[in-house]
Amino acid sequence: MKNLIYYLNQPGGTFQPVQEPLTAPGVGEIRLRILRTSVCQSDVVIYRVGLPRIKRWPAILLHEVSGLVDAVGPGVAKFQEGDLVGLGCDLPCGDPECLYCGKAGTGDWTSCPHTHATGHEFPGFARTHAILPNWLVESGPIVKFPAGFNPDHACQLEPLACTLEGMTRVNRCIENRVVVLIGAGSQSTYALQSAQKMGARKIIVVNRGADRLERVLRDFGDDRVVGVKWDETVVEKIRQECRPFNEPHFVMVNAPVRAAYELAVKVMGYNTVLDVHAGVKGAEGKPRIAHEVDLNNDIHYKLQCYQATHGSSLHGIHLAHRFLCENGLPRLDHMTNDTERFHHTQIREAIERASDADSLKVIINWE
Ligand SMILES: [Zn+2]
Ligand SMILES: [Zn+2]
């Protein structure tokens with residue numbers, strides 16, 4: 001048997017399928033047979049223009065993955081052949097003494113100066129098989145799903161984990177609260193479903209484009225969910241929807257544009273937690289987006305919280321794992337319609353579909 005790997009030769013280039021010999025896992029390693037990968041917006045960016053973090057080309061893209069353990073190296077006790085697993089993207093650095101990633105570390109490995117990620121510095125999963133190194137098997141973001149669990153759901157562990165990191169970094173900001181989601185892409189759609197599961201009082205989804213907003217409201221809406229079209233009266237409309245409160249309790253920026261940051265701070269009031277979840281990056285790098293915060297009046301007296309999350313640690317992975325195993329997002333399948341399912345031989349078409357204005361979650365089948 002061979003390992004079929006799709007190498008992207010360069011940013012904006014082409015995927016080249018290569019067959020390589022399938023090797024056996026070494027001590028502490030496991031081999032995965034990939035079942036599904038889902039496409040992240042970062043994959044679209046890497047495919048089109050690359051990423052400074054990726055120094056070596058050709059590169060193997062895709063980090064949202066589920067697979068079956070199909071061989072286990074000597075000394076592995078955690079996993080057995082046949083286990084269905086899902087993976088996070090951000091990886092511990094592998095140093096057992098690291099203050100962030102090590103055995104006695106904080107677990108905040110996205111803050112480690114040597115943090116790395118699958119599909120970035122570490123090869124991704126655009127391949128039929130992958131051998132995971134011993135440190136990843138031992139302490140990395142890899143979790144087992146029950147036998148027979150849907151691999152389409154297991155591969156969405158990572159994007160859901162990232163969303164949940166943002167929604168749980170501050171305690172008690174979702175349950176019984178008014179939540180505003182800026183953008184109606186996949187991160188907002190996971191956030192919407194998670195807010196429903198976590199018992200939000202009201203969820204206000206703000207988007208510029210009508211197509212995706214309508215899709216999200218139709219497929220995920222309930223009596224707590226409203227959509228707001230992002231136009232020149234958007235601030236007033238959001239405030240109106242927050243009534244009888246004067247402001248939302250939680251605002252999540254899921255649109256990677258400056259205007260989303262500027263909108264978010266305009267609707268903050270008393271007790272509002274802002275999670276700037278999507279960063280803004282262009283060809284020139286990261287623009288400065290300045291906002292004046294009065295530590296006394298805004299932070300102290302208004303109890304405002306400005307925070308950000310990107311990526312996920314084991315906290316988000318374990319929470320996402322629990323939500324998925326409990327079927328806590330019962331409408332998850334609506335994120336992927338028939339036009340968003342591809343075979344691995346159509347990897348380029350899959351990534352291009354993920355960049356469409358109405359698309360939520362593209363899934364690639366590796367079977
Ligand atoms: Zn992702
Ligand atoms: Zn580290």
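A residue counts as buried if 20 or more other C-beta atoms lie within 10 Å of its own, as exposed if 12 or fewer do, and as partly exposed in between, with C-beta atoms placed from the backbone. Helices (H or I, at least four residues) and strands (E, at least two) are DSSP runs numbered from the N terminus.

This is a predicted model, in which local features need pLDDT of at least 70, side-chain atom pairs count only at pLDDT 80 or more, and totals for chains, interfaces and linings use all residues. Residues are numbered from 1 along each chain as its sequence is written, while chains are lettered from A and ligands numbered from 1 in the order in which they are written.

**Exercise 1. Find which residues of H5 are buried, and check the span of this helix.**

Step 1: 11 of the 12 residues of H5 are buried.
Step 2: The list runs Ser186, Gln187, Ser188, Thr189, Tyr190, Ala191, Leu192, Gln193, Ser194, Ala195 and Gln196.
Step 3: The expected span of a helix is 1.5 Å times one less than its number of residues.

**Exercise 2. Work out how strand E11 is covered and which strands it pairs with.**

Step 1: In a regular strand the side chains alternate between the two faces of the sheet.
Step 2: In E11 (residues 202-207), Lys202, Ile204 and Val206 are buried on one side, and Ile203, Val205 and Asn207 are buried on the other.
Step 3: Two strands pair if DSSP finds at least two bridges between them. E10 (residues 178-182) pairs with E11 in parallel over five bridges, and valine 178 stands opposite lysine 202.
Step 4: Helix H5 (residues 186-197) carries the chain from E10 to E11 in a right-handed β-α-β crossover; right-handed means that, with the strands pointing away from the viewer, the path from the first strand over the helix to the second runs clockwise.
Step 5: E11 also runs parallel to E12 (residues 225-229), joined by five bridges, with isoleucine 204 opposite valine 226. Helix H6 (residues 210-220) makes this crossover, again right-handed.

**Exercise 3. Decide whether histidine 291 is buried, partly exposed or exposed.**

Step 1: Histidine 291 sits in the loop between strand E14 (273-276) and helix H9 (295-301).
Step 2: Histidine 291 is partly exposed, because 13 other C-beta atoms lie within 10 Å.
Step 3: From histidine 291 to glutamine 196 is 95 residues in sequence and 31 Å in space, C-alpha to C-alpha.
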